Amino acid sequence: KQRRYGRRLSVLEPYRGEGHLLEIGSNVGGFLHAARTAGWSPVGIEPVAACAEYARSERGLQVHACTLEAAELPSDHFDALYSNAVFEHLWSPTRTLAEAARVLRPGGVVFLDAVNYDSYTRRFLEEKWKLYDPAMHVCLYTPDTLKRLCVGAGLAPLWMRSHRVHLRPNAAPRLGRIARRVEELVKLPFGLA
């Protein structure tokens, strides 16, 4: 995961001003740890108190055990905001994005990774798509709805992309080496679209 975090941090690097980075949904601090290692001054938001406490006590990270709206962070402060697989769990993504826009400095960037309801995977798997679970995901987004939410919060979308096409349910048996290669070839055109 640290290598993947490093790649994501490289996307944020051109926006580094004073190096202030905020992660929304920091869990136990894996991404924050990578950010600190890369020279950022990271701050996390994690509403699960046990996860926030672990990040603070075991990793020495600054993590607020609350929602972004309750954290009372300074305006125009962060160069970059990062959020991975969090917005589909939020009851009010509009409020969270408005608060993200408030704490982001002018010229800063938001990296938001969310489930794509309009994905090829959902179309292939239909009712077997595991992300339909309303107990787990209270909001699902298409690129257009996510773009409208960002614009409504005062954020200008720079680019969007979709990744990781799945043609089988997650609970399906693992494929052998040759079958996996064939599946990757079948999926290739969908990942390029």
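**Figure 1. Surroundings of Leu 32 in the predicted model.** Leaving aside neighbours within four places in sequence, Leu 32 of this predicted model is in contact with Leu 21, Glu 23, Ser 26, Pro 42, Val 43, Gly 44, Leu 61 and Val 63. Leu 32 belongs to helix 2. The residue is classed as buried because its relative accessible area is 0%, the cut-off being under 20%. Between the C-alpha atoms of Leu 32 and Gly 44 the distance is 7.0 Å, with twelve residues separating the two in sequence.

Figure 2. Five strands, arranged in the order 3-2-1-4-5, make up an open sheet with parallel pairing. Strand 3 (62-64) and strand 5 (104-113) are the edge strands, and each of them pairs on one side only. On average, neighbouring strands of this sheet are turned by 20° against each other, direction ignored. In general, the strands of a sheet pair through backbone hydrogen bonds, in either a parallel or an antiparallel sense.

**Figure 3. Strand 2 and its two partners.** Strand 2 comprises residues 41-45 and pairs with strand 3 in the parallel sense over three bridges. Within this pairing, Gly 44 stands opposite Val 63 of strand 3. Both Gly 44 and Val 63 are also among the contacts of Leu 32. Strand 2 pairs with strand 1 as well, again in the parallel sense, over five bridges. Here Ser 41 in strand 2 is the bridge partner of His 20. Four of the five residues of strand 2 are buried, which leaves the strand mostly covered.

Figure 4. Three aromatic pairs are counted in the model. One of them joins Phe 31 and Tyr 82 in a stacked arrangement, with 3.7 Å from centre to centre and 10° between the planes. The pair links distant parts of the chain, since Phe 31 lies in helix 2 (residues 30-37) and Tyr 82 in strand 4, 51 residues apart. Phe 31 and Tyr 82 are both buried. Together with Tyr 5 and Phe 111, these two residues form one aromatic cluster.

**Figure 5. A charge over a ring at Trp 40.** The charged end of Arg 16 is placed over the ring of Trp 40. Its distance from the centre of that ring is 4.4 Å.

**Figure 6. Helix 4 across the sheet.** Helix 4 (residues 93-103) lies across strand 1 (20-24), strand 4 (78-84) and strand 5. Relative to strand 5, helix 4 runs at about 140°. Arg 95 is one of the residues in helix 4. With a relative accessibility of 56%, Arg 95 counts as exposed, because the class begins at values over 50%. Arg 95 and Ala 153 are 58 residues apart along the chain, and their C-alpha atoms are separated by 8.2 Å.

Figure 7. Asp 76 is not a glycine, yet its phi is positive at about 50°. This residue is found in the loop between strand 3 and strand 4. Ala 85, likewise a residue other than glycine, has a positive phi near 60°. The loop that holds Ala 85 lies between strand 4 and helix 4. Ala 85 counts as partly exposed at a relative accessibility of 38%.

**Figure 8. The protein chain as a whole.** Seven helices and five strands are assigned in the protein chain. Read from the N terminus, the elements follow the order α-β-α-β-α-β-β-α-β-α-α-α. Of the 193 residues in the chain, 37% are buried. Among contacts with a separation of 6 or more, 63% involve residues 24 or more positions apart. The accessible surface of the chain is about 11300 Å², and carbon and sulfur atoms account for 55% of this area.

Note on methods. Residues numbered from 1 in each chain as written. Predicted model: local features only at pLDDT ≥ 70, side-chain atom pairs only at ≥ 80, totals over all residues. Heavy atoms only, no water. Pairing = 2+ DSSP bridges. Helix = DSSP H or I, 4+ residues; strand = E, 2+ residues; numbered from the N terminus. Axes fitted to C-alpha atoms, helices over the stretch in contact; angles between N-to-C directions. Contact = heavy atoms within 4.5 Å. Buried < 20%, exposed > 50% of the residue type's maximum accessible area, 1.4 Å probe, protein only. Phe/Tyr/Trp six-rings, centres within 6.5 Å; stacked < 30°, edge-to-face > 60°. Lys NZ or Arg CZ within 6 Å of the ring centre and 35° of its normal. Areas by Shrake-Rupley, 256 points an atom, 1.4 Å probe, with all protein chains shown as cover.
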